[in-house]
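Please look over the sequence and the predicted model shown here before reading the notes.

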Amino acid sequence: MHIKISGHHITVTPAIEASILEKFARVERHFDHINSMQVVLSLDNHHTDCSHKGQSNHKAEAILRVPGAELFAQACADDMYASIAMLSEKLDRQVKRHKERQMSRY
């Protein structure tokens, strides 16, 4: 699986990259037909629907490409590592659901 990690208003450090690779290894264990994954990390300092006024908003988004579908998830938290963990849990649930749907077709 090819993972592309990029940052918007944030520098992707080796520690953040290692955390992403560790968390998404679980997703790959549940479904090994993943073609590619694109992860975008962003830091916004303004009020949005998933942030509190005056606090930083750490957002992680991912697009997972599997045969026959594209899975998208995003997570927001006050800490980048927390948003990465929430994102991996969301993608894990989506991958399991996608796998179950494929198995039920056959």
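Residues are numbered from 1 along each chain as its sequence is written, and side-chain values use heavy atoms, with hydrogens and water left out.

**Sheet**

- An open sheet is formed by 4 strands in the order β1-β2-β3-β4, and the pairing is mixed.
- The edges are taken by β1 (2–8) and β4 (69–77), each with a single partner strand, so one side of each has no neighbour in the sheet.
- Two strands count as paired if DSSP finds at least two bridges between them.
- Direction ignored, neighbouring strands of this sheet are turned by 15 degrees against each other on average.
- β3 (residues 57–66) pairs with β4 in the antiparallel sense over 9 bridges.
- Leu64 has Leu71 in β4 as its bridge partner.

**Helices on the sheet**

- Helix α1 (residues 14–30) packs on the sheet and touches β1, β2 (36–44) and β3; contact means heavy atoms within 4.5 Å.
- The direction of α1 makes about 135 degrees with that of β2.
- Helix α2 (residues 80–105) also packs on the sheet, touching β2, β3 and β4, and its direction makes about 150 degrees with that of β4.
- Axes are lines fitted to C-alpha atoms, for helices over the stretch in contact, and angles run from 0 to 180 degrees between N-to-C directions.

**A loop residue**

- His9 is found in the loop between β1 and α1.
- Most residues other than glycine have a negative phi.
- His9 is not a glycine, yet its phi is positive, about 65 degrees.
- His9 is exposed, with a relative accessible area of 59%; exposed means over 50%, buried under 20%, and partly exposed in between (1.4 Å probe, protein chains only).

**Nonpolar core**

- The largest nonpolar core has 21 residues, of which Phe24, Leu41, Leu64, Leu87 and Leu91 touch the most other members.
- Such a core is a set of buried Ala, Val, Leu, Ile, Met, Phe, Trp, Tyr and Cys residues joined through side-chain atoms within 4.5 Å.
- Two or more residues of this core come from each of α1, β2, β3, β4 and α2, and α2 gives the most, with 5 residues.
- Leu91 touches Phe24, Val27, Ala62, Leu64 and Ala73, not counting residues up to four places away in sequence.

**Salt bridges**

- The count comes to 4 salt bridges, each a side-chain nitrogen of Lys or Arg within 4 Å of a carboxyl oxygen of Asp or Glu.
- Asp92 and Arg26 meet in one of them (3.6 Å, N to O).
- Asp92 lies in helix α2 and Arg26 in helix α1, so this pair ties together parts that are 66 residues apart in sequence.
- Asp92 is buried at 7% relative accessibility, whereas Arg26 is partly exposed at 30%.
- Another salt bridge joins the side chains of Glu70 and Arg65 (3.2 Å, N to O).
- Glu70 is exposed at 53% relative accessibility, and Arg65 is partly exposed at 27%.

Note on methods:
Predicted model: local features only at pLDDT ≥ 70, side-chain atom pairs only at ≥ 80, totals over all residues.
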